[in-house]
Amino acid sequence: MTIPLVDLKAQYDSIKAEIDAAVQKVIQSGQFILGPEVKAFENEMAAYCATKYAVGVASGTDALHLTLLASGIKSGDEVITTPFTFIATAESIAKCGARPVFADIDPKTYNIDPTQIEAKITPKTKAILPVHLYGQPAAMERILEIARKHNLKVIEDCAQALGAEHKGKKVGSQGDAGCLSFFPSKNLGAYGDGGMVVTNDPKITETVRILRVHGSKTTYQHFTHGFNSRLDALQASILRVKLKHLEKWSALRRSKALLYNRLLSQLDGIETPFIEKDSKSSCNYYTIRVKDSRLKRGDLRKHLDSKGIQTMVYYPLSLHLQEVYKYLGHKLGDFPQSEQAQEQVLSLPMYPELSEEQIEQIVRVIGDWRSVIGGR
Ligand SMILES: *Cc1c(COP(=O)(O)O)cnc(C)c1O
């Protein structure tokens, strides 16, 4: 039997009646763009994220882009971020005309290493954009301290980390704004694209609201050039249903991660995800590090695949080495931790419905691989 990386069908089957009713209601209402469903969902999300405001947009990428614009990031500015993330993080900086400036990651957490940030600050630096990768909160206390000292904005990429906490504080609620994605594979996934900005800042809120509808506050009165970037009502209605289950699902993910950690800890050469004290990960992805090079991550992937177990590498090429960022002038060796992570990380199946037997099977297949290649 195959074990997918994520199983969206199993989740739908468990909430089919609720979802179908919510979708029918929107179709009957004839209100498809913004409207009461989106408004209600925004209010529920602001409450969930412990922020004053939430603004629905078309994707997580747009949430980042519009938030950066609303924070005043413009041509000539620099924004410090991690090279070990999805392209959207740095792309949104570049789309504002600003320069993405990378700081290496902490190899334990895969998140931006706060001790690497200050050396990157110049008079052009305007913001820090940490990513809570795989669902693990970044070192926000240190990052906020640096930002305050140098008068920088902090925009959090929470695409993988909705609901994650450090010392009881939700990600997205401490920086100037948090950017969420409802891409289907995220913890709260739509049946299509969607995103959201959560913030306590009324100015960011108002500007993102204007930017998402072609730069207008009232119909056909335009202040500026904006975008067509709205969360649609069908997605909002689906997400409202799913939000009610999110805490339960995230708790299930965390318990699966603990089981994986326990079983995998018996295998040498495999490093399980670091669990930070006082932190609660959203466990969006369960990512191991294949430390023993004899285990050959690429071959291990193929072996797992041959046994019907899907895996993924998030991410195989650090952003500073991407063709698109050639103009930044980086070379191999510039960010050694990120470069090592790209060779070693491997994400295993992770979703709330994943069974204990399936996890045991996955760990067994990894263990078998070790004996195939002659490990202990
Ligand atoms: C998914 C993701 C995004 C972009 O979200 P979309 O909704 O797909 O546009 C941005 N950053 C990170 C870290 C992500 O995982």
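**Strands and helix packing**

Author: Strand 12 is joined to strand 14 (residues 286-290) by 2 bridges, and the two run antiparallel. Bear in mind that this is a predicted model.

Reader: Which residue in strand 14 does Ile 270 stand opposite?

Author: Val 290.

Reader: In what order do the strands of that sheet come?

Author: The order is 12-14-15. The 3 strands form an open sheet with antiparallel pairing.

Reader: Which strands stand at the edges?

Author: Strand 12 (270-271) and strand 15 (345-348). Each has a single partner strand, so one side of each is left without a neighbour in the sheet.

Reader: What lies across those strands?

Author: Helix 7 does, across strand 12, strand 14 and strand 15. Helix 7 runs at about 20° to strand 14.

Reader: Stay with helix 7. At what angle does helix 7 pack with helix 10?

Author: About 30°, with the axes 10 Å apart. Helix 7 covers residues 233-264 and helix 10 covers residues 356-372. The cut-off for roughly parallel is under 35 degrees, so helix 7 counts as roughly parallel to helix 10.

Reader: Right-handed or left-handed crossing?

Author: Right-handed, as helix 7 passes helix 10.

Reader: Which residues meet there?

Author: From helix 7, Lys 256, Leu 259, Tyr 260, Leu 263 and Leu 264. They meet Glu 356, Ile 359, Glu 360, Ile 362, Val 363 and Ile 366 in helix 10.

Reader: And how many of them are nonpolar, polar or charged?

Author: The contact of helix 7 with helix 10 has 8 nonpolar, no polar and 3 charged residues.

Reader: Another helix pair now. How do helix 3 and helix 6 cross?

Author: At roughly 120°, with their axes coming within 9 Å. Helix 3 is residues 60-70 and helix 6 is residues 202-211. That angle makes helix 3 oblique to helix 6. The crossing is right-handed.

Reader: Which residues make the contact?

Author: Leu 66, Thr 67, Leu 69 and Ala 70 of helix 3. On helix 6, Lys 203, Ile 204, Thr 207, Val 208 and Leu 211. By class, the contact of helix 3 with helix 6 has 6 nonpolar, 2 polar and 1 charged residues.

Reader: Last topic, strand 5. How many of its residues are buried?

Author: 4 of its 5 residues, so by the buried cut-off of under 20% relative accessible area, strand 5 (residues 153-157) is mostly covered.

Reader: How many bridges join strand 4 to strand 5?

Author: 2 bridges, and these strands run parallel. Strand 4 is residues 125-129. Ile 128 stands opposite Val 154 in strand 5.

Terms used:
Residues are numbered from 1 along each chain as its sequence is written. This is a predicted model: local features need pLDDT of at least 70, side-chain atom pairs count only at pLDDT 80 or more; totals for chains, interfaces and linings use all residues. Side-chain values use heavy atoms; hydrogens and water are left out. Axes are lines fitted to C-alpha atoms, for helices over the stretch in contact, and angles run from 0 to 180 degrees between N-to-C directions. Angles under 35 degrees count as roughly parallel, over 145 as roughly antiparallel, 65 to 115 as roughly perpendicular and the rest as oblique. A crossing is left-handed if the near helix is turned anticlockwise from the far one by less than a right angle, and right-handed if clockwise. Contact means heavy atoms within 4.5 Å. Ala, Val, Leu, Ile, Met, Phe, Trp, Tyr, Cys and Pro count as nonpolar, Asp, Glu, Lys and Arg as charged, and the others, Gly among them, as polar. Two strands pair if DSSP finds at least two bridges between them. Buried means under 20% relative accessible area, exposed over 50%, partly exposed in between (1.4 Å probe, protein chains only).
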